[in-house]
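This briefing goes through one structure by topic. Keep the sequence and the 3D view open while reading.

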Amino acid sequence: MGETDATAIRASLADGEAFFAVVERHFEEISRYLRRRVMREIADELAADVFATAFARRESYDLLRDSALPWLYGITSNLLRNRLRHELRELEMLARVAVDPLARSSDPLDVVLRTGVEPALARGLLGLSPEERDVLLLYAWGDLAYEEIAVALDLPVGTVRSRLSRARSHIRASLTARAEVEEASRWMS
Amino acid sequence: MDELTTLKEFRADVSGALAGDPAREQAMSTIRALIEKEAAATPIRSYHPRVRQPRWHKLVLPRRRLFVVALVAAAIAVILAVLPMRQSSPSLVGQALAAIGSGSVLHIVGEMPTGRQLLDLRSDQTKPVMQREEIWFDESRGVRRDVTRIGGTIIDDTFQSKEGGFTPHGIIYDCTWIAAHPTAATKARVSCNLSGDNGTTPHSVPRPKPTLDPGLAGFADSYRSALASGAAHEGGSGVIEGQAVDWLVFDTKQGSERVALDAATHKPILINGPNALKLRVTTIEAIDSAGGHFQKPTPDETPLRPSFGRATDQQTLPLSGAAIAAGYRDAVWAGSSVGGLPLASAVVQQLVGSYYHRARPSESGVGLQLQYGSLTANGHRDFTKPYLTVSEAPNPVLATAYMWPEYVGTDPRPGEFYFSPIAAGQTGSIGLAVGFTIINGHAISVQASSNELLLAAARALTAAK
């Protein structure tokens, strides 16, 4: 059985380079997650910050947890909140993809057809609270289980479930045709 | 396909191939350097790299700032939403609007607690550290300015106009700027296309007028809907800090939002958000267009702080006040024990603070670290037991880099202890109580496993002798 994150972090208390195993193991996943949430330049900066912060806080890591991934996602979520405006700006941009003012059509149906699903998802994510968005995206993009999200965000599992349920309902609603038409009408007005 | 499956595919392509990615290699190299620095400096007792300042826009206390902006935006939304009612409604809302004025510039100042506290060491009185948010908004001219201060120090400033958004660090890249400067945008590694391709031909894309933050649009929509549907209603009378108020209640998707109006002037004085956060409105007025402060932020208005700090142990001192005083000039300690925790180590350290992107040369100085409680075999704090650390630096700048990475705002005055207590229910790394004070020009940072230990140490701080 290979070395767990916990054993690597424990070893890193005496020998900092042992932490490198944690970096090697999880950098790509954290980086991919970040790049989906914010622009690439911001994501790349944050990725380094996540691991530098983790390294600084490794003394407080719960060594009973073999995988450090939920902990790293927790740090990631905290740092992302510092960049909330960037994330919202990115989502707003995606929400406008199909309504390029240079190619605006007078036919709302045309807009709906060109809009597609991505702007609707972006608008759906924009409508969530930051807390709901964190839970939903850790679940959907981070592939974390309820219990892992609870560890990452320092929340009770019940709260994770309820936030996830609300967030999914909201996204579902944003994907309905009616929402698309309403949104298109608003854009056209 | 359900919404979760759709969402899993959303933006799955933007991360791209990572193998050999320069950004990844650069990040790995940075982390390797951090690890090597610590390994080379044996033993380093603690290390706190500061999250570097965002290049485009500095947001400090982001979560709370979001809510304060949300709450202020809510006030804007309330006003904008009921403007059509101004002529016809004699209701409480109408009276509130009449009290605000009729100018084109909306000026709002609000305060809310930052979650941090200030302890007056002479009177032993504690008061919350407040964050002050000031907004000027002129919808007709399409301009908005947001300034956030703590203790008079500007920690965040944004100006939005048809020319773009600006912070003290410069322009905020947006799709209009990127379209007009495709080559520079590519060099800056920003793009509005998922592929990252900006092309090379400049073209014009209209910039949307400043409005409420996108993430706050939901608030605004909710308010408008609420008012249009009659969901906003009068919520009775009450008293806040001896002041008679009338309540307006707005039902939003986030919960119930209550706005307290001064019973005499009808001006909003308090907004209770659905997240139990309260914004105390100190000023809300509609002034004429000459009264707005719609200038671009300047680089010198926010303090530049080091982004990375490092401490290397130099000399271990005997565990007595006299030895510590002899080994470190102007040393401060909390006595030979605090809250039952004995002094376990005293070490003179070499401190280095570095600035992001080498904005300034690195600074260095000599510091002191005192550990109370149990230490591990490696000399680290034992986080499984109560602990207390007192760290000293010759100036606040070095302390900011090394000991107090999240400190923002104005430095505490002599006799004041600025601290961030452990919130109820918090555990683990975020459950670290941290405080900061300045004694004889030296910056003193205290870290503890409990609020009680932190404050006991703060009250006990005195010159070592």
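The model is predicted. Chain A holds 11 helices and zero strands, and 52% of its 189 residues are buried.

**Chain A overall**

- Read from the N terminus, the elements of chain A follow the order α-α-α-α-α-α-α-α-α-α-α.
- Among contacts in chain A with a separation of 6 or more, 68% are between residues 24 or more positions apart.

**Nonpolar cores**

- The largest nonpolar core contains 57 residues, and A:Leu72 and A:Ile149 have the most contacts inside it.
- Helix H3 (residues 40-56) of chain A supplies the largest share of this core, 11 residues.
- Both domain 1 (1-82) and domain 2 (84-189) of chain A contribute at least three residues each to this core.
- Another core, of 41 residues, lies apart from that one, and its members include B:Ala311, B:Ile324, B:Tyr387 and B:Ala433.
- Leaving out residues up to four places away in sequence, A:Leu72 touches A:His26, A:Ile30, A:Val50 and A:Ala54.
- As background, nonpolar side chains in soluble globular proteins tend to be buried together.

**Helix H3 of chain A**

- Of the 17 residues of H3(A), 15 are buried, so the helix is largely enclosed by the rest of the structure.
- How far apart are the end C-alpha atoms of H3(A)? They are 24 Å apart, which agrees with the 24 Å that 17 residues should span at 1.5 Å a residue.

**Helix H1 of chain A**

- Helix H1 (residues 5-12) of chain A has A:Asp5, A:Ala8, A:Ile9 and A:Ser12 as buried residues.
- Viewed down the axis of H1(A), the buried residues fall within an arc of 95 degrees, so they line one face of the helix.
- Helix H2 (20-37) of chain A is included in what covers the buried residues of H1(A).

- Strand E3 (residues 143-150) of chain B pairs with E2(B) in the antiparallel sense over eight bridges.
- B:Arg132 has B:Arg149 in E3(B) as its bridge partner.
- E2(B) and E3(B) also form a hairpin with four residues between them, where B:Gly142 in the turn has a positive phi of about 70 degrees.

**Further partners of E1 of chain B**

- E1(B) runs antiparallel to strand E11 (residues 278-287) of chain B, and seven bridges join the two.
- Opposite B:His107 stands B:Glu285 in E11(B).
- E1(B) also pairs with strand E18 (residues 416-420) of chain B, in the antiparallel sense and over four bridges.
- Opposite B:Asp120 stands B:Glu416 in E18(B).

**Two residues of chain B**

- B:Thr158 belongs to strand E4 (residues 153-161) of chain B.
- Is B:Thr158 buried or exposed? B:Thr158 counts as buried because 24 C-beta neighbours lie inside 10 Å, and the cut-off for a buried residue is 20 or more.
- B:Thr158 and B:Phe294 are 136 residues apart in sequence, and their C-alpha atoms are 9.8 Å apart in space.
- B:Ala264 sits in the loop between strand E9 (255-262) and strand E10 (268-272) of chain B.
- B:Ala264 is exposed because it has 11 other C-beta atoms within 10 Å, where the cut-off for an exposed residue is 12 or fewer.
- B:Ala264 and B:Gln243 are 21 residues apart in sequence, with 9.3 Å from C-alpha to C-alpha.

How values were computed. Residues numbered from 1 in each chain as written. Chains lettered and ligands numbered in written order. Predicted model: local features only at pLDDT ≥ 70, side-chain atom pairs only at ≥ 80, totals over all residues. Core = buried A, V, L, I, M, F, W, Y, C linked by C-beta atoms within 7 Å. Domains from an automatic or database assignment. Contact = placed C-beta atoms within 7 Å. Arc of directions from axis to C-beta. Expected span 1.5 Å × (residues − 1). Pairing = 2+ DSSP bridges.
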